[in-house]
Amino acid sequence: METTSPEADRTAPERRSPQAERTLDDYGRASFPWYGLDEAFTGPRRLMQVGAAADGIVQHGSLGHGDTPSIRSAAGDEESKERFAVVVTVAASPVRRDGTGVLDATSVSSAAWLAGSGLLAHTWPPQMDHALRDDWLDQQTETAFELADDLDGPVWSLLSLPVDGEPTPFHYRETDFGWILAGSTTGGVHLGAYGRGMSAYGLGFAVVRDLEPYV
């Protein structure tokens, strides 16, 4: 009878679930580079979601860093312990057709809206009845869209952060539930990010050469 030593168990490659393989394949179909936090961030990383058009072309996706975001209210000590940052990469693309209609060109505003709606998806206003959250979320998502379309407005400030080591301007705003920022890179993509518990001022972004640390 064959036996396996503990040493062999520790060196055997970890088998991924079919779902993990499919998610990794989705990221691999992108024609643009993915961005995440640079090597200064040493915490956990994870794949999140990829967004594709009706023709299957990947348009954007998110990479998570730190704690897994959960739906929390803006109040309470428990929420304040949650530390995460999510980086959203959006392909810079012109107006095009995808078989079902015309897709608008992407812009920094696209990244800002995706980041804003992403933060809202993990937010629960304090003292709100669960039955009212969907209505609140619809209203706040529409507000996030309007704010993303007005990046020169008073709610946004400018923040310079490194992207691949180069200082890059970002539009930045804080909310009761976390922070949001958006900018562009020289690599043909727009970047958005959102988070809470981690200061946006100390972040840096870089092209992700290997997605393995995120799996």
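Contact here means that heavy atoms lie within 4.5 Å of each other. With that in hand, let us tour a predicted model, in which local features need pLDDT of at least 70, side-chain atom pairs count only at pLDDT 80 or more, and totals for chains, interfaces and linings use all residues. Residues are numbered from 1 along each chain as its sequence is written, and side-chain values use heavy atoms, with hydrogens and water left out.

**Figure 1. The whole protein chain.** Among contacts in the protein chain with a separation of 6 or more, 59% join residues 24 or more positions apart. The secondary structure comes to 5 helices and 13 strands; these are DSSP runs, with helices being H or I of at least four residues and strands being E of at least two, numbered from the N terminus. Of the 215 residues, 43% count as buried. Buried means under 20% relative accessible area, exposed means over 50%, and partly exposed lies in between (1.4 Å probe, protein chains only).

**Figure 2. Helix α4 on its own.** How many residues does α4 have? There are 13 in α4, and the helix reaches 19 Å from its first C-alpha to its last, close to the 18 Å expected at 1.5 Å a residue. That expected span is 1.5 Å times one less than the number of residues. Helix α4 is mostly covered, with 10 of its 13 residues buried. Among them are Val 108, Ala 111, Leu 114 and Leu 119.

**Figure 3. Helix α4 packed with helix α5.** Two packed helices are described by the angle between their axes and the distance between the axes. Here the axes of α4 (residues 108-120) and α5 (residues 133-148) come within 9 Å and cross at roughly 160°. That makes α4 roughly antiparallel to α5, a term for angles over 145 degrees. The axes are lines fitted to C-alpha atoms over the stretch in contact, and angles run from 0 to 180 degrees between N-to-C directions. On the α4 side, the contact is made by Ser 109, Ala 112, Trp 113, Ser 117 and Leu 120. Its partners on α5 include Arg 133, Trp 136, Leu 137 and Phe 145.

**Figure 4. Leu 191 in strand β12.** Leu 191 lies in β12 (residues 189-196). Is Leu 191 buried or exposed? With a relative accessible area of 1%, Leu 191 is buried. Not counting residues up to four places away in sequence, Leu 191 touches residues including Tyr 35, Val 87, Ala 111, Phe 170 and Phe 205. Leu 191 and Gly 36 are 155 residues apart in sequence and 9.4 Å apart in space, C-alpha to C-alpha.

**Figure 5. Val 207 and Asp 164.** Find Val 207 in strand β13 (residues 205-207). Val 207 counts as buried because its relative accessibility is 18%. Leaving out residues up to four places away in sequence, Val 207 touches Pro 33, Trp 34, Tyr 35 and Asp 164. Tyr 35 is 172 residues from Val 207 in sequence, yet 4.5 Å away in space, C-alpha to C-alpha. Asp 164 sits in the loop between β9 (157-163) and β10 (166-175), and at 39% relative accessibility it counts as partly exposed. Most residues other than glycine have a negative phi. Phi of Asp 164, however, is near 55°, a positive value.

**Figure 6. Phe 177 in a loop.** Look for Phe 177 between β10 and β11 (178-184). Phe 177 is buried, with a relative accessible area of 15%. The C-alpha atoms of Phe 177 and Leu 120 are separated by 7.9 Å, although these residues are 57 apart along the chain.

Definitions and conventions: Parallel < 35°, antiparallel > 145°, perpendicular 65-115°, else oblique.
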